[in-house]
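Start with how the strands pair, then turn to the side chains.

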Amino acid sequence: RIFWFNMKFLLYLSILVVLFLALLSVNSALAASGGIVINEIAWMGTTISANDEWIELSNPTEQAISLDGWILKTADNKLNIKLSGDIGVGSFYLLERTDEESVPSIAADLIYSGALSNNGEDLQLYNAAGVLIDEVNCAGKWFAGDNTTKQTMERAGNVWPASNVSRSDAGWQNSQNPGGTPMA
């Protein structure tokens with residue numbers, strides 16, 4: 001009897017472990033397949049100052065998301081921004097470099113320090129669980145944006161990273177006007 005009890009116990013324990021791992025995998029896949037995206041990058045600054053860089057995140061989902069514990073960083077860790085606050089349904093989250101002067105007419109959701117290289121960066125967005133949610137790998141050079149005219153690099157239309165679109169130059173364009181469209 002002890003043998004059969006131990007075998008049943010091990011069988012039930014194995015089933016629980018498999019179910020737990022499957023649930024963990026599904027939750028990770030759901031988190032990584034949607035959510036917040038890096039939407040627009042003023043890597044070149046503005047017509048007023050090259051230091052007036054800003055980054056915009058977007059929430060195309062149907063639920064507000066807490067950014068507490070999230071991190072936006074470059075692959076080389078030269079830029080490592082700890083995010084906080086919430087981003088509403090269909091809303092934007094504006095990060096301004098150093099002070100509120102990057103986009104003076106709009107209040108930043110977060111002020112960060114550090115600079116983006118004009119030669120390109122690999123930007124990575126991680127949720128609070130450490131899962132990579134979005135990546136814009138421009139390590140070789142920025143996909144779009146113009147340092148002379150100060151047109152930002154923005155997602156084209158409603159192109160979201162359903163696959164690896166944000167990791168390639170597909171889906172990115174120069175903003176129509178200098179300065180881009182922060183929070184719009």
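Ile 41 has Ile 55 as its bridge partner in strand 2. That pair belongs to the contact between strand 1, residues 37–42, and strand 2, residues 54–58. The two strands run antiparallel and share five bridges. This is a predicted model. Strands of a sheet pair through backbone hydrogen bonds, in a parallel or an antiparallel sense.

Strand 9 covers residues 122–126, and five bridges join it to strand 10 in the antiparallel sense. Within this pairing, Tyr 126 stands opposite Leu 132 of strand 10.

Next, follow one side chain. Arg 155 lies in strand 11, which spans residues 151–155. Is Arg 155 buried or exposed? Its relative accessibility is 5%, so Arg 155 counts as buried, the cut-off being under 20%. What does the side chain of Arg 155 contact? It makes a polar contact of 2.8 Å with the side chain of Asp 134. A polar atom of the Arg 155 side chain also lies 2.7 Å from the backbone oxygen of Ile 38. Along the chain, Arg 155 and Ala 144 are 11 residues apart, and their C-alpha atoms are separated by 9.5 Å.

Finally, turn to the aromatic rings. How many aromatic pairs does a search of the whole structure find? The search finds one. Trp 43 and Trp 142 form this pair, and it is stacked, with 5.7 Å centre to centre and 5 degrees between the planes. The pair links distant parts of the chain, 99 residues apart. Trp 43 is in the loop between strand 1 and strand 2, whereas Trp 142 is in the loop between strand 10 and strand 11. Trp 43 is buried, with a relative accessible area of 5%. Trp 142 is buried too, with a relative accessible area of 5%.

Methods: Residues are numbered from 1 along each chain as its sequence is written. This is a predicted model: local features need pLDDT of at least 70, side-chain atom pairs count only at pLDDT 80 or more; totals for chains, interfaces and linings use all residues. Side-chain values use heavy atoms; hydrogens and water are left out. Two strands pair if DSSP finds at least two bridges between them. Helices (H or I, at least four residues) and strands (E, at least two) are DSSP runs, numbered from the N terminus. Buried means under 20% relative accessible area, exposed over 50%, partly exposed in between (1.4 Å probe, protein chains only). A polar contact is a pair of N or O atoms within 3.5 Å; within protein, one must be able to donate a hydrogen and the other to accept it, and residues adjacent in sequence count only if both atoms are side-chain atoms. Rings of Phe, Tyr and Trp (its six-membered ring) pair if their centres lie within 6.5 Å; planes under 30 degrees apart count as stacked, over 60 as edge-to-face and the rest as tilted.
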